[in-house]
Amino acid sequence: MCDLHDQHEHDHLPAGAPQLSRRHVMQLLGAAGVTAGVAQVAAADPAQAAAVDATPAGYVAPAGRAADTPAKKAALAWIAAHQDDITGLNDEIWGNAELSLREWKSSLAEAEFLERAGFDVEFGTAGFPTAFTATYRQGRGGPVLGFSGEYDALPGLSQRKGVGHHDPLEYVHDPFAPGYGPGHGCGHSALGTAAAAAAAAVAQAAKKHRLPVTVKFFGSTAEETLIGKTYAVTKGVYEGLDAFLDWHPSTANATGWGTTTAMTAVTFTFLGVAGHGGTPLGNKSALDAAVMMATMSEFLREENLAPSGRLHWVINNGGDIPNVTPEIAEISYYVREGSPERVRVLLDKVVAVAEAAAKASQTTVRHRVTSACWNQLPAKAFAELLHENMRTIGPPVYTADAQKLAKELQESLGLPAAGMHTQVAELTPPNPAFLGGGSTDVADISWNVPTVSLGVALAPIGTKMHTWSTAACAAAAPGRAAVLTAARYLAATAVDLITQPEQLKAIKAEFAERTKGVEWKTALPDDYEPPMYEPPAWFLKRTRQSWPPENITWPPRRIVSQEKFASLGPDLAPQK
């Protein structure tokens, strides 16, 4: 779940769509009335108010902010000279297809790439074994620039590279539960690779032209579960940065200054009593409780879920065999809304549903928050600088093979065969009404450091992230074009921040204005411990780490049911 993708599609009205009146906007946002002023919104929900766009009608993107400098040319030349290394790294991480918190080979590959470019690498950022920070310092002073790297895959999205129909590379031959292996259905193999290439290119350009700067690359674990960065922010990992640059694979080449949904991920554990399915009286089915919760939570949609909200769930533990009543069952929810406060209100209703399901099923329930993030803080001036660099560099150049694969995938999915997006989308203000969408753990960084995000088309027009079709593209011809172009966009923009301090000053001034009166506080619980997996010994040795880290309890506390069979009342007297 990236889950900030297709930003252009989320943040802009479709061409020809009717403009919404202020009254309709307020109704769509679920406001209590249409007369509430900005001051009232700011007081009630400062995170939402800070993300509100006030761009007047008739906006035209400014020009002349991106400069053509020798340093920028050097950075772009470095990327051109190392194309094979860059696309090779993407291929390697794509082939690893490692899940969140277990990106052993992928994190090493990315770290070694940066070490070869002159970076100092330290693993174990915020206690996560597969997170690392790579640092390059040139001279004294200068800005401190951060790049966002990710490399985790998604479960069940295995797909053969470059194949235009569904053909899992790894098929799980289980006679009772067949499935597919993991795959890069969100393109994070390309995401981390392009960001690392951009960081390296900026470092080498700064070295060549003796520009003072500190370049930091943050290799982040578990973006798909929104765990890595949200927790790292609370540990001060991003303190001292002047700017943070982020990109994500998409179906369009675009940037903007819209926001995202805030989100809390929560898992409910129901505990009952096991027993033979053939003698069920008195058993307590935890699965019954999970199913009841799932059913009841669907009834929240009509009267409790605004268009800006999202509520989706999966039963991730529902028992093993029909003739054993499940004693433990778990159901996980992603609760999304336009701000942390709106998430809290919706989450309280979901928790109430869980408690009702436990009462009705005579089970017990507990819940734990596995991750939580804010909505992203916009950065208009940053987006304007980035967009001009995108237009100057131009869109990705897709080969005939890339377009052929794109159209095959579109036909396979029942979509128009439009191919890949071959333009840089216009920079336009966000939709007047925020209608929800994806979430990102970059959002928490954005409230602490000026942050810009962009999308580059790695997948065909009309498709989506978190699909096997994206995995088919990520390391094939479309992905190769996207990863090199994204690296150029990021590197060019970062060089402008070094050579044009007035641009960085304007970006930081907007950040200060937007965050005035807003105190960021993590949405994670006070007693939060991040989930982790114990690394293999070879990985700990290679990365010079020990286990466990100081910030978790290991081994984790066991969850064991102590429930009793349900009472059926006094025994009935024998019939005479």
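Biologist: Angles under 35 degrees count as roughly parallel, over 145 as roughly antiparallel, 65 to 115 as roughly perpendicular and the rest as oblique. So which of these words describes helix 10 and helix 12?

Modeller: Helix 10 and helix 12 are oblique to each other. Their axes cross at roughly 140° and come within 8 Å. Axes here are lines fitted to C-alpha atoms, for helices over the stretch in contact, with angles from 0 to 180 degrees between N-to-C directions.

Biologist: Before we go on, what kind of model is this?

Modeller: This is a predicted model, where local features need pLDDT of at least 70 and side-chain atom pairs need 80 or more, while totals for chains, interfaces and linings use all residues. Residues are numbered from 1 along each chain as its sequence is written, and side-chain values use heavy atoms, leaving out hydrogens and water.

Biologist: Thanks! Which residues of helix 10 meet helix 12?

Modeller: Look along helix 10, residues 286–298, for Ala-289, Met-292, Met-293, Met-296 and Ser-297. On helix 12, residues 340–361, they meet Val-350, Val-353, Ala-354, Ala-356, Ala-357, Ala-360 and Ser-361. Contact means heavy atoms within 4.5 Å.

Biologist: And how do helix 17 and helix 18 cross?

Modeller: Helix 17 covers residues 477–499 and helix 18 covers residues 501–514. Their axes come within 5 Å and cross at roughly 100°, which makes helix 17 roughly perpendicular to helix 18. Leu-497, Ile-498 and Thr-499 of helix 17 meet Pro-501, Leu-504 and Ile-507 of helix 18.

Biologist: What about helix 6 and helix 7?

Modeller: Those two are roughly antiparallel to each other. The axes of helix 6 (residues 83–96) and helix 7 (residues 104–116) cross at roughly 165° and come within 9 Å. From helix 6, Asp-85, Ile-86, Leu-89, Glu-92, Ile-93 and Asn-96 take part, and from helix 7, Lys-105, Ser-106, Ala-109, Glu-110 and Phe-113.

Biologist: Let's switch to strands. What is the order of the open sheet of seven strands?

Modeller: The order is 1-2-6-3-7-13-8, with mixed pairing. Strands pair if DSSP finds at least two bridges between them. Helices (H or I, at least four residues) and strands (E, at least two) are DSSP runs, numbered from the N terminus.

Biologist: Which are the edge strands?

Modeller: Strand 1 (120–123) and strand 8 (254–255), each pairing on one side only. Elsewhere in the sheet, seven bridges join strand 3 (residues 144–150) to strand 6 (residues 213–220), and these run parallel. One to find on screen is Gly-149, whose bridge partner in strand 6 is Gly-219.

Biologist: Which helix packs on the sheet?

Modeller: Helix 13, residues 380–393, touches strand 7 (243–250), strand 8 and strand 13 (451–457). Its direction makes about 30° with that of strand 13.

Biologist: Last topic, strand 9. How many of its residues are buried?

Modeller: Ten of its ten residues, 262–271, are buried, meaning under 20% relative accessible area with a 1.4 Å probe, protein chains only (exposed is over 50%, partly exposed in between). One side holds Ala-262, Thr-264, Val-266, Phe-268 and Phe-270, and the other holds Met-263, Ala-265, Thr-267, Thr-269 and Leu-271.

Biologist: And how many bridges join strand 9 to strand 11?

Modeller: Ten, with strand 11 (residues 328–337) running antiparallel to strand 9. For example, Thr-269 has Glu-330 as its bridge partner there. Strand 9 also pairs with strand 12 (residues 364–373) in the antiparallel sense over nine bridges, and Thr-267 stands opposite Arg-368 in strand 12.
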